[in-house]
Amino acid sequence: MQCPHYDAGECRSCPLMGVPYARQLADKQASVLAQLADVLDAGTVVEEPFAGPESGFRNKAKLVVTGSAAAPRLGILDPRQHPKHHDGTGVDLRDCGLYLDGMEDVFHACAAAVTAAGLEPYDVAARTGELKGVIVTLSPDREAMVRFVLRSPDRLDALRGVVPGLLADLERRGTPAAVVSANLLPEHVALPEGDQEIVLAGGPTLTMRLNGIGLRLRPQGFFQTNTAVTEGLYAAAAEWVTGGAGASGGAAGGGGAPTSAWDLYCGVGGFAFHLAAAGVPEVWGLETTAEAVAAAQETAQELGVADRVRFAAGDATRALSPEGQEPSADDGDAPAGLPEAVVVNPPRRGIGADLSAALEASGIPTVLYSSCNPRTLAQDLARMPSYRAERVRVFDMFPQTAHTETLVLLRRR
Ligand SMILES: C[S@@+](CC[C@H](N)C(=O)[O-])C[C@H]1O[C@@H](n2cnc3c(N)ncnc32)[C@H](O)[C@@H]1O
């Protein structure tokens with residue numbers, strides 16, 4: 001892949017830009033295997049990396065808005081300036097080649113709405129202006145979620161006034177909006193979004209259809225950014241855990257589908273719903289973000305599986321502790337016993353010492369670990385010597401960068 005912004009030095013987001021893609025994959029595989037060397041053995045099945053397209057794969061954009069209301073720039077702050085003396089000049093990245101086909105159209109519609117509403121971009125140096133960013137997600141069905149990050153509610157009415165025009169524009173471009181919202185970020189901090197979300201049209205969910213399963217996503221819920229590779233990841237997870245048992249259960253792979261599974265750090269339930277579809281009768285997901293839990297529960301209702309695929313808001317690191325997870329309004333029917341399989345898919349910091357130790361002591365036969373950080377993955381696996389790494393596969397979620405997702409199937413020895 002080649003990129004004019006990278007060549008001009010005005011965007012540094014893709015450090016592997018220009019490195020042949022086959023080489024990127026081989027290097028990532030070697031790096032992951034080196035980092036996991038102490039926790040794999042001669043019998044571990046190491047699969048070839050799973051790759052999707054090397055460009056046009058990102059389903060989500062978090063764009064900083066700079067420039068003016070009349071001529072907004074949607075992209076990033078200019079990285080060529082020193083952070084301490086940055087004057088707030090931005091680089092327009094609407095044509096970034098990482099985004100899915102159709103997203104550039106959504107960005108142009110957003111820019112037109114900014115101009116129509118007269119929303120002045122937030123000036124980082126002067127601390128003036130209202131619009132901090134635009135966050136866009138595009139579903140595989142080419143429906144959009146558009147979120148305007150504002151400093152305050154002061155210009156909310158102006159934004160509200162241009163929403164009908166924005167909806168019509170997006171419809172005309174073939175990327176209709178499922179959700180338009182305003183997110184409030186009053187603090188002067190380098191964060192992409194704040195806590196408060198005000199839905200202005202549609203929603204509150206966007207449906208992300210992966211492998212035929214319509215996962216509901218709300219504005220503040222996490223979703224994997226690479227749709228094609230995520231489909232491969234979820235399909236492999238279901239296949240590995242159930243031994244390819246299929247919807248009717250069965251004893252494939254020697255073990256067959258577990259009778260129950262937990263999806264820890266479940267987000268909107270991607271792993272949970274794929275396990276359920278592959279024949280796991282009872283699945284329970286745990287996640288801290290309430291909006292993600294609410295979206296997962298809507299998906300369960302929509303799919304007619306709410307009696308056997310359930311979710312709660314709480315801290316996954318305490319899911320196996322004697323006192324259990326944080327109580328919440330939704331977890332009245334949290335499962336009583338331990339499951340036969342656990343999926344963990346934590347942020348970069350990993351599952352940490354407490355959850356590793358609790359899994360090690362639990363007696364649970366199968367753990368599937370999906371990690372975006374091989375370093376913390378290796379640390380966590382070293383804390384669980386009772387489990388043997390049976391299969392491992394790199395999923396290249398982040399082409400053009402050194403980042404990668406790694407899936408490891410662990411069976412109790
Ligand atoms: C890498 S994402 C994975 C989400 C989901 N498994 C998926 O495939 O989209 C990690 C998720 O863990 C959640 N999270 C972070 N810390 C957590 C904790 N201590 N307990 C439960 N969930 C947590 C985040 O909100 C986020 O949704």
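What follows is a set of questions and answers on this structure.

Q: What kind of model is this, and how are its residues numbered?
A: This is a predicted model, in which local features need pLDDT of at least 70 and side-chain atom pairs count only at pLDDT 80 or more, while totals for chains, interfaces and linings use all residues. Residues are numbered from 1 along each chain as its sequence is written.

Q: How many helices and strands are there in the protein?
A: Helices (H or I, at least four residues) and strands (E, at least two) are DSSP runs, numbered from the N terminus. In this protein there are nine helices and 17 strands.

Q: What does the radius of gyration say about the protein?
A: The radius of gyration is taken over C-alpha atoms, and the globule rule is 2.2 Å times the number of residues to the power 0.38. For 413 residues a compact globule would have a value near 22 Å, and the protein agrees because its radius of gyration is 22 Å. Along its principal axes, the C-alpha trace spans about 65 × 45 × 35 Å.

Q: Which residues around the ligand come nearest, and of what class is the shell?
A: A residue is near a molecule if its C-beta atom, placed from the backbone, lies within 6 Å of it. There are 19 residues around the ligand, of which Phe222, Tyr265, Gly267, Ala316 and Asn345 come nearest. Helix H6 (270–277) and strand S12 (282–287) are the elements that give two or more residues to this shell. For the classes, Ala, Val, Leu, Ile, Met, Phe, Trp, Tyr, Cys and Pro count as nonpolar, Asp, Glu, Lys and Arg as charged, and the others, Gly among them, as polar. The shell then has ten nonpolar, seven polar and two charged residues.

Q: Is tyrosine 265 buried or exposed, and with which residues is it in contact?
A: A residue is buried if 20 or more other C-beta atoms lie within 10 Å of its own, exposed if 12 or fewer, and partly exposed in between, with C-beta atoms placed from the backbone. Tyrosine 265 is buried because 22 other C-beta atoms lie within 10 Å. Two residues are in contact if their C-beta atoms lie within 7 Å. Leaving aside neighbours within four places in sequence, tyrosine 265 is in contact with Glu287, Ala316, Val344, Asn345 and Pro346.

Q: Where does asparagine 345 lie, and what does it touch?
A: Asparagine 345 lies in the loop between strand S14 (341–344) and helix H8 (352–362), and it counts as buried because it has 25 C-beta neighbours inside 10 Å. Not counting residues up to four places away in sequence, asparagine 345 touches Tyr265, Phe271 and Ser370.

Q: Which residues of helix H9 are buried, and why are they on the same side?
A: An α-helix has 3.6 residues a turn, so residues three or four places apart point the same way. In helix H9 (residues 374–382) the buried residues are Pro374, Leu377, Ala378, Asp380 and Leu381. They cover an arc of only 165° around the axis (taken from the directions from the helix axis to the C-beta atoms), which puts them on the same side of H9. The exposed residues Arg375 and Ala382 are carried on the face turned away from that buried side.
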